[in-house]
Amino acid sequence: MNNHEIDYKLFGDDIQFVEVELDPNETVIAEAGSLMMMDDQIRMETIFGDGSEDSGGGLMGKLLGAGKRVITGESLFMTTFTNEGHGKKHVSFASPYPGKIIPMDLSELNGKLICQKDAFLAAAKGVSVGIELQRKLGTGFFGGEGFIMQKLEGDGMTFIHAGGTMHKRVLEPGETLRVDTGCLVAMTGDIDYNIEFVGKVKTALFGGEGLFFATLRGPGTVWVQSLPFSRLASRVFAASPQRGGNDKGEGSIAGGIFDILGGDRR
């Protein structure tokens, strides 16, 4: 195998984290800012791209790898965690918002997984984190994820996360599944992905479900999330107090406390 073979354990239910077990000299890569905790004698290093170009290509290969991440809206850098001790060590990564972490063995998925741009959390070193361009104009403009999605390639273990509950569907040849564009998390490379207009103008304008569905046609496997982060964020924003009122912060927790205590911040 080209990738490091790592063991792992998942903890939690709605707000999960994954603990990765590293043998001596084993390495795991992760998104910057996803670290939760790690044992002593684990070396943390920031690198360009995903580190999969280290075996060849030199500086140009690293720059190309980092450039792909910029296109997907991610940071130029990723972080590697290497066990430099003599025994097994552990490093843990946490989800950025409530949801599920799903372990994916790329060797069981024909070496390729396509997912939404912010789904990747961590992987064994050697997994390539690239981009997948949508070749169809309609899918690119209206598919919810734009022209670009993340592409994970290799034969090692990778971990993706999404909001709410994750649901896995295996589609038979010719079987079609229609999904809200924001609820699509990941799919295998053999899925035919397109978008479809909801059908009726009244439904599109007043149904509250958007103008388009993601149409997924088998054979292949699809992972769907019940709570996209964009939907969660919009509900939180809609429920949050709007700016206004007096200078004591009416509508906020702080403002309420000052009103109760009769305090004045000036």
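Start by selecting leucine 177, which stands opposite leucine 216 in E18. A word before you go on: this is a predicted model, where local features need pLDDT of at least 70 and side-chain atom pairs count only at pLDDT 80 or more, while totals for chains, interfaces and linings use all residues. Residues are numbered from 1 along each chain as its sequence is written, and side-chain values use heavy atoms, with hydrogens and water left out.

Now widen the selection to strand E15, residues 176-180. Its covered face holds Leu177 and Val179, and its uncovered face holds Thr176, Arg178 and Asp180. (Helices, H or I with at least four residues, and strands, E with at least two, are DSSP runs numbered from the N terminus; two strands pair if DSSP finds at least two bridges between them.)

Next stop: an open sheet. Select E1, E2, E7 and E4, in that order; these 4 strands form it, with antiparallel pairing. Which strands stand at the edges? They are E1 (7-11) and E4 (35-38), each with a single partner strand, so one side of each has no neighbour in the sheet. Neighbouring strands here are turned by 20° against each other on average, direction ignored. (The axes behind that angle are lines fitted to C-alpha atoms, for helices over the stretch in contact, and angles run from 0 to 180 degrees between N-to-C directions.)

Zoom in on E1 and strand E2 (residues 17-22), an antiparallel pair with 5 bridges. Click tyrosine 8, and you'll find valine 20 of E2 opposite.

Now hop to lysine 100, in strand E8 (residues 99-105). Is this lysine buried or exposed? Lysine 100 counts as buried because its relative accessibility is 16%; the cut-offs are under 20% relative accessible area for buried, over 50% for exposed and partly exposed in between, using a 1.4 Å probe and protein chains only. Show the neighbours too: leaving aside residues up to four places away in sequence, lysine 100 touches Asp13, Asp14, Gln16, Ile160, His161, Ala162, Gly164, Thr165 and Met166. (Contact means heavy atoms within 4.5 Å.) Look for the backbone oxygen of aspartate 13, 2.6 Å from a polar atom of the lysine 100 side chain.

Finally, zoom out. The chain has 5 helices and 19 strands, and buried residues make up 42% of its 266 residues.

How values were computed
A polar contact is a pair of N or O atoms within 3.5 Å; within protein, one must be able to donate a hydrogen and the other to accept it, and residues adjacent in sequence count only if both atoms are side-chain atoms.
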